[in-house]
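Hello,

Here is the structure I said I would pass on. My notes on it follow below.

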Amino acid sequence: MVTETPEIYKNQIRPYIAKQREEGRLDWVFNILEGRKEQEDIMFRDPGQDGAKEEAFLLAPDLNWDRKTLTSLHL
């Protein structure tokens, strides 16, 4: 088990995510977060206080949900 610390996030995770985004591997995620794709599936969106992206929140169902069976809904 690994406990992620602020230092691990800053030095390892954040650079890895930045590289993935630069290479376009996270475009699908940012398309959803930035409102360009799959907006019909968003269940709740809070832009954060005064539009602060760091405080924003988005709730979306698992992409495999059949839109009918509540017991199979994973958020």
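**Overall layout**

The chain contains 2 helices and 2 strands. Their order along the sequence is α-α-β-β. The radius of gyration is 15 Å, well over the 11 Å that the globule rule gives for 75 residues, so the chain is more spread out than a compact globule. Please keep in mind that this is a predicted model.

Other totals for the chain are as follows. The C-alpha trace spans about 40 × 35 × 25 Å along its principal axes. Of the 75 residues, 12% are buried. Among contacts with a separation of 6 or more, 13% are between residues 24 or more positions apart.

**Salt bridges**

Side chains of opposite charge can pair when their charged atoms come close. Searching the whole structure for such pairs gives 5 salt bridges. Three residues, K19, E23 and R25, are linked in a network of these bridges. Within it, K19 meets E23 with an N to O distance of 3.8 Å, and E23 also bridges to R25, where the closest N and O atoms are 3.3 Å apart.

How accessible are the members of this network? K19 has 46% relative accessibility and counts as partly exposed. E23 is also partly exposed, because its value of 41% lies between the 20% and 50% cut-offs. R25, at 53%, counts as exposed because it is over 50%.

Another of the salt bridges joins E34 and R36, with 2.8 Å between the closest N and O atoms. E34 is partly exposed, its relative accessible area being 38%.

**D41**

D41 sits in the loop between α2 (27-33) and β1 (44-46). Is D41 buried or exposed? Its relative accessibility is 17%, so D41 counts as buried, the cut-off being under 20%. Which residues does D41 touch, leaving aside its neighbours within four places in sequence? They are A60, P61 and R67. With R67 there is also a polar contact between the side chains, at 3.0 Å.

**In short**

The two places to look at in the viewer are the network of salt bridges linking K19, E23 and R25, and the buried residue D41 with its side-chain polar contact to R67.

Regards

Note on methods
Residues numbered from 1 in each chain as written. Predicted model: local features only at pLDDT ≥ 70, side-chain atom pairs only at ≥ 80, totals over all residues. Heavy atoms only, no water. Salt bridge = Lys/Arg side-chain N within 4 Å of Asp/Glu carboxyl O. Buried < 20%, exposed > 50% of the residue type's maximum accessible area, 1.4 Å probe, protein only. Helix = DSSP H or I, 4+ residues; strand = E, 2+ residues; numbered from the N terminus. Polar contact = N/O pair within 3.5 Å; in protein donor to acceptor, adjacent residues only side chain to side chain. Contact = heavy atoms within 4.5 Å. Rg over C-alpha atoms; globule rule 2.2 N^0.38 Å.
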